[in-house]
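Please look at the sequence and the structure before reading on.

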Amino acid sequence: MPKLTIDGQPLEVPPGTNLIEAARRIGIEIPHYCYHPALSIAGQCRLCVIDIEKVPRPQVACNTVVAEGMVVHTETERVLETRKSIMEFHLINHPLDCPVCDQAGECWLQIYYMKHGLYDPRMVDEKVHKPKAVPLGPHVMLDAERCILCSRCVRFCDEVTGTSELGIFHRGDRSEIGLFPGQELANKYSGNVVDICPVGALTDRDFRFQVRVWYLDTQKSICPGCARGCNIEVHVSRRRVHHAEGRRVVRLKPRFNEAVNKWWICDAGRYGSAFVDGDTRLQAPARRDGEKTLEVAWTEMIPLAAGRLRGYRADEIGILASPKLSNEDLFLLRR
Ligand code: SF4
Ligand code: SF4
Ligand code: FES
């Protein structure tokens, strides 16, 4: 395996590893927009520049693979200056409508501006305006002015779903993301483009304007939508109960699991959590009393059910389990 050093730290990584991933292994984050480990390399945003000794110009880390003896520097004066200029370039025509943008609080333009930008804006001309609040499909809304043209969404539709609904149209500062004629972003995994969009250009129609992300709490969970059991994060609104029409579960996000769902979840699972706060959901155990159904407290129901079950031998009891249950629940059922 090639041995190299990054910022003075020696490391050894498998051949073919790019410098963003190599640096990540030793806790160094090289800023990037267009790179995503699940997608092909676009080399489009240029934010991931680094210096390599004996190479005259800064190189992009996403499209440079490790080599034996490579000496990489991620924080030279020239790299820091280049990053700052690239941030300024990405933001030249940006509308900066963070106060009304759903991405605010989890936006990589905001995060990287604070870490790598902090320049005084020099743009005095009128910014280029583009379409705002354009529905691309049942779940995704586009604000073309906020797009930094990283092409992650385009590559996702080309390479992951294979549906190719999206493209980049026009040229230069008029370039914008859009649908091919007659297309709609309605594939079964369409919501994932919102997750991989690093800025507020693609937002979730279901979640828009419901609650600010900094009021959300996160719990790790498993999607109950089908037997695959995709790993998810449940984003819960408890601190602003008057937001999102009082819903507690306001959105589900995929949680990386290489063996199950990688970075993705399907739209059926993502948008299928309304039952959690649904009016028709059973809220408490119930017991039949003739024709009537009586609500019973858990403290009463559990001993009642246990008492009834004790009246049977173990081989007389059968339990129907759903494959939608988690492994932990299924394990407990077998005991
Ligand atoms: S995309 Fe980011 S920087 Fe742009 S308006 Fe939204 S939150 Fe602000
Ligand atoms: S919409 Fe988002 S993901 Fe797509 S190119 Fe623009 S910034 Fe990138
Ligand atoms: S992440 Fe390397 S050019 Fe965009």
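Ala, Val, Leu, Ile, Met, Phe, Trp, Tyr, Cys and Pro count here as nonpolar, Asp, Glu, Lys and Arg as charged, and the others, Gly among them, as polar. By these classes, the shell around ligand 1 has six nonpolar, three polar and two charged residues. The model is predicted: local features need pLDDT of at least 70, side-chain atom pairs count only at pLDDT 80 or more, and totals for chains, interfaces and linings use all residues. Residues are numbered from 1 along each chain as its sequence is written, chains are lettered from A and ligands numbered from 1 in the order in which they are written, and side-chain values use heavy atoms, with hydrogens and water left out.

A residue is near a molecule if one of its heavy atoms lies within 4 Å of it. Among the residues around ligand 1 are His94, Asp97, Cys98, Cys101, Cys107 and Arg146.

Rings of Phe, Tyr and Trp (its six-membered ring) pair if their centres lie within 6.5 Å. The whole structure has eight aromatic pairs, and one aromatic cluster is formed by Phe156, Phe256, Trp263 and Trp264. A charge sits over a ring if NZ of Lys or CZ of Arg is within 6 Å of the ring centre and within 35 degrees of the ring normal. Two such contacts are listed here.

| Charged residue | Ring | Distance from ring centre |
|---|---|---|
| Arg240 | Tyr215 | 4.0 Å |
| Arg251 | Phe207 | 4.5 Å |

Strands are DSSP runs (E, at least two residues) numbered from the N terminus, and two of them pair if DSSP finds at least two bridges between them. An open antiparallel sheet has three strands in the order β6-β7-β10. β6 (134-135) and β10 (202-204) stand at its edges with a single partner strand each, so one side of each has no neighbour in the sheet. Three bridges join β7 (residues 140-142) to β10, where Asp204 is the bridge partner of Val140.

β14 (residues 286-289) and β15 (residues 292-295) pair in the antiparallel sense over four bridges. They form a hairpin with two residues between them, and Gly290 in the turn has a positive phi of about 65°.

Technical notes. Phe/Tyr/Trp six-rings, centres within 6.5 Å; stacked < 30°, edge-to-face > 60°.
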